Amino acid sequence: MYAIELDKVTKKYKDVTAVDSLSFKVEKGKCVSILGVNGAGKTTSIKMMCGIIKPDSGSIRVMGYDTVNERNKVGSVIGVSPQETAVAQNLTVRENLEFIAGIYNKKDADINSVIEKLGLGEVEKKRAGKLSGGYQRRLSIAMAIVTEPEVLFLDEPTLGLDVIARRELLRFIEKLKGRHTVVLTTHYLEEASILSDVTAVMAKGRLKAFGTTDEIIKMSGKETFEEAFIALAGGEDLK
């Protein structure tokens, strides 16, 4: 079963085409990384898949639900950790998680388990606004998974983290695969290589390549994934 299906999705902002006829499918339980330089259309694509913004044309289905006509149903099966850490600064870590669980009417949410999995135990009583950047990112992801979503969207989850915090978070994200379908945007090629079952490379709103790391390298005719990405992100077409 496909957890996510995009068919010729296009989004324009006035005269600028942010996403241009984007099509791909992601199998349930898999992790897909969306790669591209700034302005490639990654975040716009994520927002359309989440039902936050509507495409101008084309269709998107998440767990079989149309993101435009069945937006509420889409919202019930997804969790989102946005690029800008979305936490309530004046609430504690635990209160943030309780708040999200309440919004989704998840009275049986295992908040203790989520706190333990993300290593938030020692700060669970601290106000979110007093946390380090690394802990705020962990809390943001905890808030995305506390409702046990079928599809998890992580937009630049390791942005601004130090090396140790980043490594710990990558290990946790890797454990989410299989239990959740994970959609990840990142600027770090090694993250895509480590975490992803498939990778989508975007440039100027268009899909330039879609497949495993090895498949993308082979299609590009380059020697390494970095070389393949540079060629594709720069707008070169595969021969």
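## Second largest pocket

The second largest pocket has a volume of about 260 Å³. This value, like the others in this report, comes from a predicted model. Lining this pocket are 16 residues, and those nearest its centre are Val114, Lys117, Ile145, Glu148 and Arg179.

By class, the lining of the second largest pocket holds 6 nonpolar, 3 polar and 7 charged residues.

## Largest pocket

The space in the largest pocket is about 390 Å³. It is lined by 19 residues, of which Ile78, Gly79, Val80, Ile100 and Tyr104 are the closest to its centre.

At least two residues of this lining come from each of helix H2 (71-77), strand E6 (78-81), H3 and H5. Strand E6 gives the most, with 4 residues. The lining of the largest pocket divides into 11 nonpolar, 7 polar and 1 charged residues.

In soluble globular proteins, nonpolar side chains tend to be buried together. In this model, the largest nonpolar core has 35 residues, and the members that touch the most other members are Leu97, Leu118, Leu120 and Leu139. Two or more residues of this core come from each of helix H3 (93-103), helix H4 (111-117), helix H5 (133-145), strand E7 (151-155), helix H6 (163-176) and strand E8 (181-186). Helix H5 gives the most to the core, with 7 residues.

Leaving aside residues up to four places away in sequence, Leu97 touches Ile111, Ile115, Leu139, Ala142, Met143 and Val146. Another core lies apart from the largest one. This other core has 28 residues, including Val19, Ile34, Phe153 and Met202.

## Cysteines

The structure holds 0 disulfides. Cys31 is in no disulfide, and the nearest cysteine sulfur to its own belongs to Cys50, 14 Å away. Cys31 is buried, with a relative accessible area of 0%.

Cys50 is likewise in no disulfide, and the nearest cysteine sulfur is that of Cys31. Is Cys50 buried or exposed? Cys50 counts as buried because its relative accessibility is 8%, and the cut-off for buried is under 20%.

Conventions:
Residues are numbered from 1 along each chain as its sequence is written. This is a predicted model: local features need pLDDT of at least 70, side-chain atom pairs count only at pLDDT 80 or more; totals for chains, interfaces and linings use all residues. Side-chain values use heavy atoms; hydrogens and water are left out. A nonpolar core is a set of buried Ala, Val, Leu, Ile, Met, Phe, Trp, Tyr and Cys residues joined through side-chain atoms within 4.5 Å. Buried means under 20% relative accessible area, exposed over 50%, partly exposed in between (1.4 Å probe, protein chains only). Contact means heavy atoms within 4.5 Å. A disulfide is a pair of cysteine sulfur atoms within 2.5 Å. On a 1 Å grid over the protein atoms alone, a cavity is a set of points where a 1.4 Å probe fits but cannot get out, and a pocket is an open set with protein on both sides within 12 Å along at least five of seven lines; lining residues have an atom within 4 Å of a point. Grid points are joined across faces, edges and corners, and a volume is the space filled by probe spheres set on the points. Ala, Val, Leu, Ile, Met, Phe, Trp, Tyr, Cys and Pro count as nonpolar, Asp, Glu, Lys and Arg as charged, and the others, Gly among them, as polar.
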